[in-house]
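Dear colleague,

Please find below the structure that I am handing over to you. My findings follow directly after it.

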Amino acid sequence: MRRRTLFKWLLGAAGAVMGSVVVVPAVISAFSPAGRSQSRAWRPLGPLRSFPLGDVVDAAVPPRREAYPVEVAAAQVVYVWQRTRSDFVVFSRTCTDLGCAVKYDPGSEFYYCPCHGGIFNKSGERVAGPPKKPLYRYATRVREGVLEIDLRSVPAMA
Amino acid sequence: MAAVVRWMIDRFGMREVRDHVLHRRVPKDPWYQGDGEAMLLLFAIQLLTGIVLAFSYTPSVVEAYNSIRHITFEQKLGWFVRGLHYWSGGLWVFILFWHLMRQIATGGYKKPREGTWLIGVLLLFLVVVMSFLGYLLRWDERAIYALRVALSIFHQVPWIGEQLVLIIQGGPELSSLTLTRLYAVHVVLGPILLAVLIAYHVYLVVLHGTLASAEMKEPLETVAEQKEVYERQARHPYRGERFFPDTVVRLSPIPLATLAVVIALTLAFGPAKLFPQGVGTDATFPKEEWWFAWYSALAALLPPSVAGYFHWLFPVVLFVALAALPFVDRWTDNRGARNRPIAVTVVCLVVLAVLYLTALRLRSPWTAWPRKTPPAVPVGVMLTERTERGRVLFATYGCNSCHAVAGDGPEFAPDMARLRQRYSLEGIRRYVMDPPAGVAMPSYRERMPEEELTLVAEFCHVAQTFPRGR
C-alpha cells in the first residue's frame, strides 16, 4: 500500500469515528420519543351521572400542566355515548381520514368532518367520504363512579 | 476611491467572482427566466422578516399565540413584518410551481443540468415543508388541525407510521415538545438547509448556465455539443451579453413585480388571520392555506380504498418521479417548449388540474356540517302554519346539515327544490324512514314521532315546488 493511500484511509476512518461520536448520540436523542411505552394513561372524564343515557355529549379532559412537557388540550375533547347502563362508547374527535375534528349533530345523529367530507354514524362507522376506518374508540373503565378513558388506546395524534 | 475598490477586490479575493460570475458572458435570457431571481428575493425577505419575528416569538404552547398577537397588534410595524413573511412564503410556493412547470415544459433539466434539477427538487420539497411549518407556529385552531392532518398522513406510513408520529409530536400527546420541535425545524434546520441548497443551486446555474435559446434550435446529443452551442451564443456580440448588470436588469420584471405584489397583499390584507388560540376544545372549521387548497380538494375526492395510503405515497412517488425525470426523458434531446409537445401537454394538464381543484375547494361541495338555522324561505313563497313547523323540524332533525333548500344550505346532498324526481308525500315519508341502501342518510325510523315525520314530509313535499335558487 502506498503511503498516500494509507493516509487517505486513516483520515477517512478518523473522520468516521469523530463524526459518529457526535452524530449517533444526536440522532438517538432527537428520535427518543419513538418507541411508545406500553403503559396506559387513564384520565377521568367525569362522574357517570353527567352522561345521559342514550345521548352523545362531549367531554373535556383537562390537560396536564403541572409536569414537563405541558400538554395541549387539543387531543382531549371526546364524545361520550352511554349506549346502555353499562356500555360507554367514547370516540376521539379525530377523523380517521386526515385528523380534522369531527362534530356530532344530534339532529341527524351523524358525525361530520369539516375537511374532506367524512361522515360517521352514531356507532362511529363510516357513512360517506374518504375515511376507511371507523372513529377511534377509547378504552374505558369506571373507577369510584367516575368514567375514565385510556389516552394511549388510540393513535398518538388522535 | 477607485484605488480602495481595487484594494478590496484584491484583498477580499473578489476578482474571481467579478470575472467569472458577474462579468461572465451568458446567452441573452428571455425575461421570464426572472422567476429564479424572484425566488432569491423572496428568500431574502423570508430571512430578514423571519429573524425579526424570531426576536419576538415564544415557542411555548402557553405563550406562542399571545406572542403572535403581540407582534401583530402591539409591536411597531409588527403586522407589516408578519404580513411580508406570510405573503412572501405563499408566493414562493406559487412561483416555485411555475418554475418547476417551466423547466418541465422546456426540458431545462437536460444534460448537463441534471444536478441543478436534483438540487431544485430537494428545494421544492423543502420549501413546501417550510411553508407548512410556518403556519403551524401561529398555534391557533387552524394550526393545530393542520398539524394533526400532517400527523395523520405520517400515521399512514406502513410499519413506522406510529413511530414517525411520536418523533414529530415529541411524545404520545400533543405537548410543548411538539411546538419546540416544529420551531426548531422551521427556524434553525430549515433555513440552514435552504441557504445551503439555494447556494448550491445557484452555483450550478452559474456553472452550467440556464437553457439558452440556441440550444432549442436542434437536438443536442452530447454535453460537448451543448457546451459549444451555449458558449457560441454567449460570446456572440448581440445574442450574448454580460451577466451583470445586463442580464440582471433584463430579468428584473418578475422580481420587481413579485416584490410589489407581496407589499400590495400585505397592505391590502395584512398578515394571515389569527383564529382562536389552539387549545382544541371547540369544534372548529379548519382550512389549509391557499397554496394547499388544490391538495385538500384532491383528498376529498379520494375513495376510502385509496385514501388510506395515498397521502404518504403521493409525495414519495412525486419525489421519485421528479428525481428520475432527467434520466427517463431521454427519447429525444430536444429542448424548448416548441419541440416538446408531450411535456407541454402534461404541464398544461397539471396546471388545469391544480386550478380546477383549487376552485373546487372554494366550493367544497362534499362538506356537510350541522347548522342550527332552518333553511330560508325563498322570496315570494308563503308557508302554511304546518309547513312552517315542518321547516323548523327540518333543522331540528339535522336534515339541513346535508340538504339545501332552494340554494340555501350545503351541497352535500340533493337540494330539496332540485330533486331528480318528484316525490309524493308518502314517497318522502318512506324515504325518511328507510333510505335506500348506499345512500349516506340516517334512518329516522323510531326516532321521529309520527306527527313530526308528517310535518317534515309536508315541508319537503312543498319545497319541491320552490323556485330553484342559486
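**Helix packing in chain B**

In this predicted model, Phe132(B), Tyr135(B) and Leu136(B) of H6(B) are in contact with Ala143(B), Ala146(B), Leu147(B) and Ala150(B) of H7(B). Sorted by class, this contact between H6(B) and H7(B) comprises seven nonpolar residues, with no polar and no charged ones. Helix H6 of chain B covers residues 114-136 and helix H7 of chain B covers residues 141-156; their axes come within 8 Å and cross at roughly 140°. Since angles over 145 degrees would count as roughly antiparallel and 65 to 115 as roughly perpendicular, H6(B) and H7(B) are therefore oblique to each other.

**Chain B as a whole**

Chain B contains 18 helices and two strands. Its radius of gyration is 29 Å, whereas a compact globule of 470 residues would have one near 23 Å. Taken along the principal axes, the C-alpha atoms of chain B fill a box of roughly 95 × 55 × 50 Å. Of the 470 residues in chain B, 37% count as buried. Among the contacts in chain B with a separation of 6 or more, 77% are between residues 24 or more positions apart.

**A sheet in chain A**

In chain A, three strands form an open sheet in the order S2-S3-S4, with antiparallel pairing. Strand S2 (56-60) and strand S4 (87-92) of chain A are the edge strands, each pairing on one side only. On average, and with direction ignored, neighbouring strands of this sheet are turned by 35° against each other. S2(A) is joined by five bridges to strand S3 (residues 77-84) of chain A, and the two run antiparallel. Within this sheet, Asp58(A) stands opposite Tyr79(A) in S3(A).

With kind regards

Technical notes: Residues are numbered from 1 along each chain as its sequence is written. Chains are lettered from A and ligands numbered from 1 in the order in which they are written. This is a predicted model: local features need pLDDT of at least 70, side-chain atom pairs count only at pLDDT 80 or more; totals for chains, interfaces and linings use all residues. Axes are lines fitted to C-alpha atoms, for helices over the stretch in contact, and angles run from 0 to 180 degrees between N-to-C directions. Helices (H or I, at least four residues) and strands (E, at least two) are DSSP runs, numbered from the N terminus. Angles under 35 degrees count as roughly parallel, over 145 as roughly antiparallel, 65 to 115 as roughly perpendicular and the rest as oblique. Two residues are in contact if their C-beta atoms, placed from the backbone, lie within 7 Å. Ala, Val, Leu, Ile, Met, Phe, Trp, Tyr, Cys and Pro count as nonpolar, Asp, Glu, Lys and Arg as charged, and the others, Gly among them, as polar. Two strands pair if DSSP finds at least two bridges between them. The radius of gyration is taken over C-alpha atoms; the globule rule is 2.2 Å times the number of residues to the power 0.38. A residue is buried if 20 or more other C-beta atoms lie within 10 Å of its own, exposed if 12 or fewer, and partly exposed in between; C-beta atoms are placed from the backbone.
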